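Trainee: I have a new structure open and would like to go through it. Where do we start?
Mentor: With a term or two, then the structure itself.

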Amino acid sequence: MSFVECAARSFTAVSIQKNAPDSSGVYGLSNGCEWIFIGETSNIRARLMEHLNEIDTVLTSRGPTGFTYEVCSPDERITRQDALVRQFEPFCNRRPGYTTV
């Protein structure tokens with residue numbers, strides 16, 4: 001099953017501030033060719049801004065241009081993230097031990 005909210009939004013500070021909620025959920029980062037990363041967080045907006053400000057990481061090297069998200073409860077986040085990772089096989093989630101922090 002795909003993200004419930006499938007609209008891709010521009011991965012920019014203005015777009016994140018305007019479109020991403022400060023809610024619990026899962027999110028995905030992509031470029032025009034691939035899914036780069038799918039994560040879970042207690043605050044989607046804050047986490048996306050953290051990713052946007054990363055420098056010289058595997059994630060940034062893939063050139064993320066868009067994001068999408070799905071609001072869900074803290075109890076559902078990891079299960080939902082795992083299902084989306086299995087479905088989309090994002091580049092960074094396939095790397096053993098990869099973290100973006």
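Mentor: A helix here is a DSSP run of H or I with at least four residues, and helices are numbered from the N terminus. Keep in mind that this is a predicted model.

Trainee: Ok. Which residue is found in the segment after α4 (77-88)?
Mentor: Glu 89 is found there. Its phi is near 50°, a positive value in a residue other than glycine.

Trainee: Let's zoom out. How many helices and strands does the protein have?
Mentor: The count is 4 helices and 4 strands. Along the sequence they come in the pattern β-α-β-β-α-α-β-α. The radius of gyration is 12 Å, close to the 13 Å from the globule rule for 101 residues, so the protein is as compact as a globular protein of that length.

Trainee: What box do the C-alpha atoms fill?
Mentor: Roughly 30 × 30 × 25 Å, taken along the principal axes.

Trainee: And how much of it is buried?
Mentor: Of the 101 residues, 44% count as buried. The protein exposes about 5500 Å², and carbon and sulfur atoms supply 52% of that area.

Trainee: What share of the contacts comes from residues 24 or more positions apart?
Mentor: Such residues account for 73% of the contacts with a separation of 6 or more.

Trainee: Switching to rings. How many aromatic pairs are there?
Mentor: The count comes to 4 aromatic pairs. One of them is Phe 3 with Phe 88, which is stacked, with 6.1 Å centre to centre and 20° between the planes.

Trainee: Where do those two sit in the chain?
Mentor: Phe 3 lies in the segment before β1 (5-10) and Phe 88 in helix α4, so the pair ties together parts that are 85 residues apart in sequence.

Trainee: What does Phe 88 do with Trp 35?
Mentor: Their ring centres are 4.9 Å apart and the planes are at 40°, so the pair is tilted. Trp 35 is in strand β3 (residues 35-41) and Phe 88 in helix α4, 53 residues apart, and the pair links distant parts of the chain. Trp 35 is partly exposed, with a relative accessible area of 24%.

Trainee: Which residues form one aromatic cluster, then?
Mentor: Phe 3, Trp 35 and Phe 88.

Trainee: Which residues does Phe 88 touch, if I skip those up to four places away in sequence?
Mentor: Phe 88 touches Ser 2, Phe 3, Trp 35 and Ile 38.

Trainee: Where does Ile 36 lie, and is it buried or exposed?
Mentor: Ile 36 lies in strand β3. Ile 36 is buried, with a relative accessible area of 0%.

Trainee: What is Ile 36 in contact with?
Mentor: Leaving aside neighbours within four places in sequence, the contacts of Ile 36 include Leu 29, Leu 59, Pro 64, Phe 91 and Cys 92. Ile 36 and Pro 64 are 28 residues apart in sequence and 7.0 Å apart in space, C-alpha to C-alpha.

Trainee: Last one. Where is Lys 18 found?
Mentor: Lys 18 is in helix α1 (residues 13-19). At 69% relative accessibility, Lys 18 counts as exposed. The C-alpha atoms of Lys 18 and Arg 45 are separated by 9.2 Å, and the two residues are 27 residues apart along the chain.

Terms used:
Residues numbered from 1 in each chain as written. Predicted model: local features only at pLDDT ≥ 70, side-chain atom pairs only at ≥ 80, totals over all residues. Heavy atoms only, no water. Rg over C-alpha atoms; globule rule 2.2 N^0.38 Å. Buried < 20%, exposed > 50% of the residue type's maximum accessible area, 1.4 Å probe, protein only. Contact = heavy atoms within 4.5 Å. Areas by Shrake-Rupley, 256 points an atom, 1.4 Å probe, with all protein chains shown as cover. Phe/Tyr/Trp six-rings, centres within 6.5 Å; stacked < 30°, edge-to-face > 60°.
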